[in-house]
Amino acid sequence: MNNNLQKLDFLNVYEFIEVIDSVINILQKERITGHIVGGKINSGLIELDIPKNLVIVGDLHGDLRSLQHILKEIDYENFLSNHNNKLIFLGDYVDRGNHSIGVLYTVCYLKRKYPNSVILMRGNHEAHMEFPFSSHDLPLKIIEYFGDNYEKAIHSKISTLFQSLYLVTIIQNKLLLVHGGLPTEIEYNDFKKLIETAQSYNIHKKTLEELLWNDPRTIQNGDNWEKSRRMYGKHFGINITKKWLTMSRTEVIVRGHEPCHGFKIDHDDKVITLFSCKEAYPKFEAAHIFISKKQLETIHNAVDLVPFVRKLDCCIKNI
Ligand SMILES: [Mn+2]
């Protein structure tokens, strides 16, 4: 592992702020130019051609060890040096685990060094300003790590970073990636219009809430959605999934947001949930997806993706 990523225990506040600042600048520039190698950007939406190789990482929740294992497993320096390869994070970098600061630093370090290869998406844990909840322990971690003096300044920078992260990634004709789920009150084409006409990064708050907080479920009463047991968001049904897949001309939804044994499949094999951390969820398993262009071209549903899900235990044995 690269030196800068190894000595995270000695990370100082200036290094941390510097990397966060750089990534804010990169993300703002990406939105202004509307361009990333192999794709185009429209505010919170990225549309990519099928990458040469694609890695997808789900929720990390401050689990630096799992993240480092994944990076070793994919030989990240080699992988990311080719900007036709993409490493996409589905969000939820922080809270629950012990190393939120280390995970945040690492993903930002990667985005700064390999801006065209790394895509950082936004999870509900990166939207505590809009949708506050009690398990948001990042402010405490900032104090633990850097002391009281910097908490406000760092927190405000991190909030700017979070608001610049991507909400939906489309891999042309194949995958739609989102942290939580699909909105029930708006359709994909209207979402696209909303994104295209948005003057700022803000989109309708209800839509943002659903993208970050929704979960796929079988809805019993034949409706398109039901109330969620979470504080925010809804359960969306298979009809919503089908509608969004048709309109976005993709075949599978890839999302995070729920602990599972590495992955789980919903909605007639049209939705796969990916989970990539273990520290805060010892009863569950961590995994990531690694798939080449050729392989991705043969994918038509979530079951087809399963051979390309790599569980963390396999990675640990291989190191
Ligand atoms: Mn989540």
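The legends below describe close-up views of a predicted model.

Residue numbers start at 1 in each chain and follow the sequence as written, and side-chain values rest on heavy atoms, without hydrogens or water. Because the model is predicted, local features need pLDDT of at least 70 and side-chain atom pairs count only at pLDDT 80 or more, while totals for chains, interfaces and linings use all residues.

**View 1. Helix H6 packs against helix H7.** H6 covers residues 138-146 and H7 covers residues 151-163. Helices are DSSP runs of H or I with at least four residues, strands are DSSP runs of E with at least two, and both are numbered from the N terminus. Two packed helices are described by the angle between their axes and the distance between the axes. For H6 and H7 the angle is about 130 degrees, and the axes are 10 Å apart. That angle makes H6 oblique to H7. (Angles under 35 degrees count as roughly parallel, over 145 as roughly antiparallel, 65 to 115 as roughly perpendicular and the rest as oblique.) Axes are lines fitted to C-alpha atoms, for helices over the stretch in contact, and angles between N-to-C directions run from 0 to 180 degrees. The crossing of H6 and H7 is right-handed. (Right-handed means that the near helix is turned clockwise from the far one by less than a right angle; anticlockwise gives left-handed.) H6 brings Leu138, Pro139, Ile142, Ile143 and Phe146 to the contact. H7 brings Glu151, Ile154, His155, Ile158 and Phe162. Contact means heavy atoms within 4.5 Å. By class, the residues of this contact are eight nonpolar, one polar and one charged. (Ala, Val, Leu, Ile, Met, Phe, Trp, Tyr, Cys and Pro count as nonpolar; Asp, Glu, Lys and Arg as charged; the others, Gly among them, as polar.)

**View 2. Helix H3 crosses helix H5.** H3 spans residues 64-73, and H5 spans residues 100-113. Their axes come within 9 Å and cross at roughly 30 degrees. H3 is therefore roughly parallel to H5. The crossing is left-handed. Leu64, Leu67 and Leu71 of H3 meet Gly102, Val103, Thr106, Val107 and Leu110 of H5. Six residues of this contact are nonpolar, two are polar and none is charged.

**View 3. Helix H8 packs against helix H10.** H8 runs over residues 188-197, and H10 over residues 238-248. The packing angle is about 60 degrees, with 8 Å between the axes. The two helices are therefore oblique to each other. On the H8 side, the contact holds Tyr188, Asn189 and Phe191. On the H10 side, it holds Trp244, Met247 and Ser248. Four of these residues are nonpolar, two are polar and none is charged.

**View 4. Lysine 111 sits in helix H5.** Lysine 111 has 1% relative accessibility, so it counts as buried. (Buried means under 20% relative accessible area, exposed over 50% and partly exposed in between, with a 1.4 Å probe and protein chains only.) A polar atom of the lysine 111 side chain lies 2.8 Å from the backbone oxygen of valine 118. Lysine 111 also touches residues beyond its neighbours within four places in sequence, among them Val23, Ile26, Leu27 and Glu30.

**View 5. Alanine 302 lies in helix H12.** H12 covers residues 302-305. Alanine 302 is buried, at 0% relative accessible area. Not counting residues up to four places away in sequence, alanine 302 touches Val252, Ile265, Asp269, Lys270, Val271 and Ile272. Valine 254 is 48 residues from alanine 302 in sequence, and their C-alpha atoms are 8.3 Å apart.

**View 6. Phenylalanine 290 belongs to strand S15.** S15 runs over residues 287-292. Phenylalanine 290 is buried, with a relative accessible area of 16%. Beyond neighbours within four places in sequence, phenylalanine 290 has contacts that include Phe79, Phe308 and Arg310. Glycine 222 is 68 residues away in sequence and 36 Å away in space, C-alpha to C-alpha.

**View 7. Histidine 61 has a positive phi.** Its phi is about 40 degrees, although histidine 61 is not a glycine. Histidine 61 lies in the loop between strand S4 (53-57) and H3. With 2% relative accessible area, histidine 61 is buried.

**View 8. Histidine 257 has a positive phi.** The phi of histidine 257, which is not a glycine, is about 80 degrees. Histidine 257 is placed in the loop between strand S12 (252-255) and strand S13 (263-266). Histidine 257 counts as buried, at 4% relative accessibility.

How values were computed: Polar contact = N/O pair within 3.5 Å; in protein donor to acceptor, adjacent residues only side chain to side chain.
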